[in-house]
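Dear colleague,

Please read them alongside the coordinates.

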2 protein chains.
Amino acid sequence: MTTATPQPAFVLVRPQMGENIGGAARAMLNFGLDKMRVVDPRDGWPNERAVAMASGAGRVLDGAFLTQTTAEALEDCHYVFATTARARGLTKPVVTPETAMKQAAERIARGEKVAVLFGPERAGLENEDIARANAIINVPVNPEYASLNLAQCVLLTAYEWRRQSADIVHERVDMTKTDWANHAEMEALERHYEERLDAAGFFFPPEKAEGMKINLRNMWSRMPMTRADVQMLHGVLRQMVRWKEKG
Amino acid sequence: MTTATPQPAFVLVRPQMGENIGGAARAMLNFGLDKMRVVDPRDGWPNERAVAMASGAGRVLDGAFLTQTTAEALEDCHYVFATTARARGLTKPVVTPETAMKQAAERIARGEKVAVLFGPERAGLENEDIARANAIINVPVNPEYASLNLAQCVLLTAYEWRRQSADIVHERVDMTKTDWANHAEMEALERHYEERLDAAGFFFPPEKAEGMKINLRNMWSRMPMTRADVQMLHGVLRQMVRWKEKG
């Protein structure tokens, strides 16, 4: 992952606490983003506290583009999203982070430059900043409790970027070193249990025996077993038999 | 949103810093989750720092279920996910937060109880805890930089829960108080500009005039305009004319 990777720029507008700038840098890099722009940070630039908090993501801060106004930060951009806690009756599309990053990926694939504005910690973006955006990102939080901080808002947006753009494997079973039992081995296990349980009088009364055996086979077949599992289950049964035979 | 809302339980296993427990409570409540379980917290329970950090989400801590072991915390659960930074060659499904919360929503809809385990800050979950889980959640982070903390991991998982379960509107234009211009109003605007610009000699040379007019009409039609926008654009033009006429 290099700075050349096409990606949206994340623009922190008038951020206040250095810790939050550093936290935003980490949140971005977790999801492969490293193009930060910073507009008029309260405590100047570079910011020591941001650097301290960024641990390992310092290069995001080193490469950050500093401007005095939001307009300057957006000069080269074709499409701009603004994040707000509440959509404020503006006549603009209001989208989820998911939809926003889907649209961003499409635009970036067409060669456009896309930016996302994040407001200062307390107040959020001013209307003047929001007026520069083409669309609004609104995180679908609990309407009765919304307390996302700057780094968390950056985190969720960056997460959605990676989700929309990366080839993510949504479900896999880790096959490393896994040696699955084959059908013959499973049948041998079934037979072993059936025989021994039969001898032990488990399938009782006789008229229910066949049904009980089918249930048992169904149970085994539902379980994805490794060779080691099968060996262990053979061992369990052998031990029970040995124990019984000792009297 | 009440405690009766069906939802997964989030289980913090041996959390260390009170701040992170409070941060986790906030992260949960942002996405409508309030069933927390806490296993053997390092600094005892209740935890003052957790309460201080939870600002507004204190009721998640008040309602938290405290146990000494992971096994006790999971007693009533039918299906358990474990979050890990790396999938460790275990023979279990490894899923994204998205897939996990989709599966959780399906299971919960069928009446099952689902839990998600989150490990201690530094070390993460122990193998013994992971062995109790049916599946592993792995956040698809940048393989070259992964530094999610406890509250962030809780945040992303809670976000996915809400994304999978809530009726989220993915894109809307806020129509509150929006009074869109109708076709007749747009045509009147086009005509107004065309006439005045014609008079001003804008459509020049004559052989290009028709193409220029079509371009102008296409531009207007691309813009979603409110009645107020239309009135303002009429005003702009009227003012230019007035200014010109004053000489």
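**Notes on the model**

In chain B, Gly111(B) sits in the loop between H5 and strand S6 (114–118), where helices (H or I, at least four residues) and strands (E, at least two) are DSSP runs numbered from the N terminus. Before going further, please note that this is a predicted model, in which local features need pLDDT of at least 70 and side-chain atom pairs count only at pLDDT 80 or more, whereas totals for chains, interfaces and linings use all residues. Residues are numbered from 1 along each chain as its sequence is written, chains are lettered from A and ligands numbered from 1 in the order in which they are written, and side-chain values use heavy atoms, with hydrogens and water left out.

Gly111(B) counts as exposed, at 56% relative accessibility; the scale here takes buried as under 20% relative accessible area, exposed as over 50% and partly exposed as in between, with a 1.4 Å probe and protein chains only. Gly111(B) is 105 residues away in sequence from Pro6(B), yet their C-alpha atoms are 8.8 Å apart in space.

Turning to the interface, 52 residues of chain A and 51 residues of chain B take part in the contact, contact meaning heavy atoms within 4.5 Å. The area buried between the two chains is about 4300 Å², with carbon and sulfur atoms giving 51% of it; this is the accessible area (1.4 Å probe) that two parts lose on being put together, summed over both. Four salt bridges are found across the interface of chain B and chain A, the rule being a side-chain nitrogen of Lys or Arg within 4 Å of a carboxyl oxygen of Asp or Glu. Glu98(B) and Arg163(A) form a salt bridge, in which the closest N and O atoms are 2.7 Å apart.

On the side of chain B that touches chain A, at least two residues each come from helix H1 (18–30), strand S5 (93–95), helix H5 (97–109), helix H7 (150–165) and strand S8 (171–173) of chain B. H7(B) gives the most to that side, with seven residues.

Next come the aromatic rings: over all chains the structure holds nine aromatic pairs, counted for rings of Phe, Tyr and Trp (its six-membered ring) whose centres lie within 6.5 Å, with planes under 30 degrees apart called stacked, over 60 edge-to-face and the rest tilted. Phe10(A) and Phe118(A) form a tilted pair, 5.0 Å centre to centre and with 50 degrees between the planes. Phe10(A) lies in strand S1 (residues 9–13) of chain A and Phe118(A) in strand S6 (residues 114–118) of chain A, so the pair ties together parts that are 108 residues apart in sequence. Both Phe10(A) and Phe118(A) are buried.

Phe31(A) and Tyr159(A) form an edge-to-face pair, at 5.6 Å centre to centre and 75 degrees between the planes. The pair links Phe31(A), in the loop between helix H1 (18–30) and strand S2 (36–39) of chain A, with Tyr159(A), in helix H7 (residues 150–165) of chain A, 128 residues apart. Phe31(A) is buried at a relative accessible area of 2%, and Tyr159(A) is buried at 1%. Ring pairs also join Phe31(A), Tyr159(A), Phe31(B) and Tyr159(B) into a cluster.

With regards
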